[in-house]
Amino acid sequence: MNTTSQRKRLHKPTYRQASDSTSALGFSFQEGVTMKIRCSELPRALKCPASLGAGVRIDEEGEAARIGSAVHECLAKTIKGEDCDWESIARAWNVEPDQVTPLAGAGMKAWNEMDITPVAVEEHLTAEVADGITLTGHADIIGDTVSAARVVLDWKTGGSSSSYRDQLIGYAMLARENGLAEQADYTPVAVVWLRDGVLDTEYITADEIGELRSDLKAISAKTDRYSAGEHCLYCPRRHDCDAREANLRADVKVLTEVKCEALTTPELAALKPKADALKKVIASYGDLLKRRLAESGPVDLGDGREVVLEKGERRYVKTLEALPVLEEYGLTVEDIADAVTISKSKVGNLLAASAERGQKGAVRTDFDAALEAAGALEVKEMESVKIRRSQKSLTAGG
Ligand code: SF4
C-alpha cells in the first residue's frame, strides 16, 4: 500500500496581522458571523486568504465549470441507475455534448473497473470545522472497495493543478465529520483524471486533517494576505485585484523579454503555466470585446481601420434528409460511408437509453469492445502540450 508523506505546500501562506477585525485591504471578518468555505475553494483560500474577503466579487460560471457540472450530473445519474440522456444534460448546461460525453464515458469506464459499492453519490456535506468556519462540499462518491476500505472518489474534469490535495483533505474531513468515513489514521481518496484517463489514490492522513483545521482557524484571524498566482484564474475577486494585475504584468514581462530559443526544454516547460494563464486572459478579453461589439457595432480605430464583429455561417448536411439525394446522384454505400461521420458517444447514448436500469455503463463498455473487435474504430494520433499529473498505476483502496 502506498502511504503519503506529510503534507507539503508549494506556497506556505505567510500572514500579516491586521490591527483590528477589518483589514486595510477591505477584508472584514466579523465575530459571530459564520464564514462558509467550499472544499473547491480551499487551494485558493489557503494560498490567498484575501480571496475570501469582501469587495467586488463576480462569480462567473465559465464553460469549463459548466462542462464539469454536466459531466458530474451524467456520472451521478448513471451510477445511481437513473434514466438520463447525456446529450440532453450537456445541452441543459449550455455546452456541446461532444465536450461532455467522452469525459462521462471515461468516468464510467473507470467506475466499472474500480468495483466500488457506493454509500453516497453527489452528497452535499457540511461541517463546522472551527469556530465560525463551516466547510461545505459535494462528495462525488463515497463507497466501499472490494477490500472493504471506505474511499472518497473525486472526478476531475479539468487539467492538473498543483494544489488539489488541499481540496481532497477537505473532502476527507467532511466525510469523517459526517460519519461517512472512519476516524482512522488515513482516509483514501480516489481521484479520477477524466481527460488523462489516470486514477490516483491519495491517502489523507489524520495529521493533514488536523493541520487543515488549524489553517482554517488562522484564515479567520489573519486575513489581509494577498498572494497571486495560478489560483487567481477562478477567483471571484480577480476582476478588481491589484495583486493579480501586478502578477500578470510580471508574467507578460517574462514571456515577452525572454529569448525562448536560448532556453533549455525544462526552462521552456516551466513557463507553460504562465503562458496558459495569459492565454486565458486573452480569451476572456476576446469574449468581452465580442459582447461589446454586438451592442455597439463597429469601432473606428482612427487609422483607417475598424474593429467589427463579423458574422458568418456554416452549412451542415442533415444525414437523414440527404440520403435520397445522395442515392439519386449515384453515390454508393461506400461513398456515403466515406462522407458520413458516426458519433460514438451519440450511438452509445441511444443504446444506453434502452438498457436496463443499472446496466447503462456496461452497455457502453460492451459497445466499445464490439466496435474494437469489428475493426470499426480508427485511432488518429494528435499532439498537444498540456500539464497533467505524473502518471502512476494505482487502484482505488489498493
Ligand atoms: S485574484 Fe488572486 S491575489 Fe487577488 S484576491 Fe483572488 S486569489 Fe488573491
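User: What makes β4 and strand β5 (residues 186-193) count as a pair?

Analyst: Five bridges join β4 to β5, and the two strands run parallel. Two strands pair if there are at least two bridges between them, so five is enough for β4 and β5. One place to look is Val 152, which stands opposite Val 189 in β5. Keep in mind that this is a predicted model.

User: How do you know that strand β3 (residues 133-144) pairs with β4?

Analyst: β3 and β4 have four bridges between them. The cut-off is at least two, so β3 and β4 pair as well. This time the sense is antiparallel. For an example, find Gly 143, which stands opposite Val 151 in β4.

User: What lies between β3 and β4, and which residue in the turn has a positive phi?

Analyst: The two strands form a hairpin, with five residues between them. In that turn, Ala 148 has a positive phi of about 75°.

User: Why is strand β4 called largely enclosed?

Analyst: Count its residues: β4 covers 150-156, and six of its seven residues are buried, so the rest of the structure largely encloses β4.

User: What makes Met 108 a buried residue?

Analyst: Met 108 has 23 other C-beta atoms within 10 Å. The cut-off for buried is 20 or more, so Met 108 qualifies. It belongs to helix α4, residues 97-114.

User: Which residues does Met 108 contact, leaving aside its neighbours within four places in sequence?

Analyst: Those contacts are Thr 78, Gly 361 and Arg 364.

User: How do you know whether Glu 87 is buried or exposed?

Analyst: Glu 87 has 21 C-beta neighbours inside 10 Å. Since 20 or more makes a residue buried, Glu 87 counts as buried. It sits in helix α3, residues 86-92. Not counting residues up to four places away in sequence, Glu 87 touches Pro 97, Thr 101, Lys 346 and Asn 349. Cys 74 is 13 residues from Glu 87 in sequence and 9.1 Å from it in space, C-alpha to C-alpha.

User: Why does Asp 115 count as partly exposed?

Analyst: Asp 115 has 14 C-beta neighbours inside 10 Å. Exposed needs 12 or fewer and buried needs 20 or more, so 14 puts Asp 115 in between. Asp 115 lies in the loop between α4 and β2. Its phi is near 60°, a positive value in a residue other than glycine.

User: Which class does Glu 122 fall into, and why?

Analyst: Partly exposed, because Glu 122 has 16 C-beta neighbours inside 10 Å. Glu 122 is in strand β2, and its phi is positive too, near 50°.

User: Which residues are the closest around the ligand?

Analyst: Of the 14 residues around the ligand, the closest are Cys 48, Cys 232, Cys 235, Cys 241 and Arg 244. By class, the shell has eight nonpolar, two polar and four charged residues.

User: Which domains does the shell around the ligand draw on?

Analyst: Domain 1 (35-226) and domain 2 (238-299), with at least three residues from each.

User: Stepping back, how many helices and strands are there in the protein?

Analyst: The protein has 13 helices and eight strands. Of its 398 residues, 29% are buried.

Technical notes: Residues numbered from 1 in each chain as written. Predicted model: local features only at pLDDT ≥ 70, side-chain atom pairs only at ≥ 80, totals over all residues. Near = placed C-beta within 6 Å. Nonpolar A, V, L, I, M, F, W, Y, C, P; charged D, E, K, R; others polar. Domains from an automatic or database assignment. Contact = placed C-beta atoms within 7 Å.
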